[in-house]
Amino acid sequence: MPPTNGHRAQTTGSAQFEPDAFFASWAKDSKALLPQGSDLRSSIIAAFDLAQSDNYVYHAVASVTLAQVQAAIEHGGENGLHAWYPDEAGKPSEIPPPTAADIAAYTSIFASTTSTTKALNGFAANAKKGSHRASVAAHLQSKRVLPPSYVVPKLKKEHVNPYYDYWAWSSHNLEWAGPTANTVHVKQSHHILPVLMHHFGCVVPSYESLEVIKQAARVRKVLDLGCGNGYWTYMLRRLGVEVDAVDNLQSKYRTLWINDLIVEEGQKYLTMHKGAKDALLLLVYPI
């Protein structure tokens with residue numbers, strides 16, 4: 001494996017965190033670890049073995065503690081906290097918020113036990129005309145590109161993916177049923193985001209996305225350039241994919257998922273390795 005540069009898998013404030021053990025516990029009883037009702041704070045503390053008095057400051061789009069995040073969650077959609085769906089002019093929409101059924105249908109598109117294509121088509125077919133669901137479906141269908149040579153069969157049993165589970169929970173809690181063309185007008189996020197980014201990363205890896213990367217790589221190594229805290233690398237390795245993970249760690253993460261993160265600027269790394277021509281380049285969230 002590449003040199004570690006002294007960075008080990010860890011969660012700041014936890015003496016017990018170990019990625020494989022974390023996933024084993026999640027596979028055993030994820031429902032017990034996920035938030036009960038709206039209590040994200042207790043869930044994160046239990047899942048990552050943090051102190052009840054935890055006051056770590058999560059720096060991202062905002063700087064918040066778990067207690068502050070929980071307070072924001074308890075306020076629900078007050079003061080525009082759930083205002084995700086503006087109209088074409090960027091003004092608040094008069095269309096009612098997505099229903100719980102619409103949100104469930106949206107998150108299930110990305111579940112490992114569904115066919116993404118069929119689920120997306122069903123999401124669109126069952127959307128009421130003029131609803132947020134209809135706008136989300138049209139937007140997702142316009143952005144989806146998957147060559148027919150890539151076939152990802154659905155699983156009979158849920159793929160273990162704690163980030164997906166937390167994301168699905170947050171979608172329900174925040175009344176989020178997916179992006180539309182008007183999402184570009186949304187200039188705010190929610191206090192939950194820094195917590196998810198610090199513990200898991202900027203983007204949730206769906207089972208389909210991981211399988212497509214695996215199929216695209218075939219026998220090649222994957223270069224996860226700008227890997228963040230290594231969650232995508234860890235997930236790909238669980239599927240048997242060989243991955244090198246590189247990040248300059250300009251952003252700080254509370255949790256690191258791998259022991260061999262290479263701390264380097266992406267351009268410099270590519271120059272040093274002759275463009276990494278024999279690897280499959282993975283850019284999850286390039287900035």
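W257 is in contact (heavy atoms within 4.5 Å) with A9, F17, P19, F22, F23, F48, H199, F200, N229, G230, Y231 and Y234, leaving aside its neighbours within four places in sequence. The model is predicted, so local features need pLDDT of at least 70 and side-chain atom pairs count only at pLDDT 80 or more, while totals for chains, interfaces and linings use all residues. Residues are numbered from 1 along each chain as its sequence is written, and side-chain values use heavy atoms, with hydrogens and water left out.

**Aromatic pairs**

- Rings of Phe, Tyr and Trp (its six-membered ring) pair if their centres lie within 6.5 Å; planes under 30 degrees apart count as stacked, over 60 as edge-to-face and the rest as tilted.
- The count by this rule is 27 aromatic pairs.
- Y163 and Y231 are edge-to-face because their ring centres are 5.9 Å apart and their planes stand at 80°.
- This pair links distant parts of the chain, 68 residues apart, with Y163 in helix α7 (residues 162-173) and Y231 in helix α10 (residues 231-238); helices (H or I, at least four residues) and strands (E, at least two) are DSSP runs, numbered from the N terminus.
- Y163 and Y231 are buried, meaning under 20% relative accessible area, where exposed is over 50% and partly exposed lies in between (1.4 Å probe, protein chains only).
- F200 and W257 form a stacked pair, at 5.9 Å centre to centre and 25° between the planes.
- F200 lies in the loop between α8 (192-199) and α9 (207-217), and W257 in the loop between β6 (255-256) and β7 (262-263), 57 residues apart.
- F200 and W257 are both buried.
- Ring pairs join a cluster that includes F17, F48, Y163, F200, Y231 and W257.

**Nonpolar cores**

- A nonpolar core is a set of buried Ala, Val, Leu, Ile, Met, Phe, Trp, Tyr and Cys residues joined through side-chain atoms within 4.5 Å.
- The largest one has 67 residues, and I44, F48, Y166, V222 and W257 have the most contacts inside it.
- Helix α7 gives the most to this core, with six residues.
- A second, separate core has six residues, among them L225, V246, I262 and Y269.
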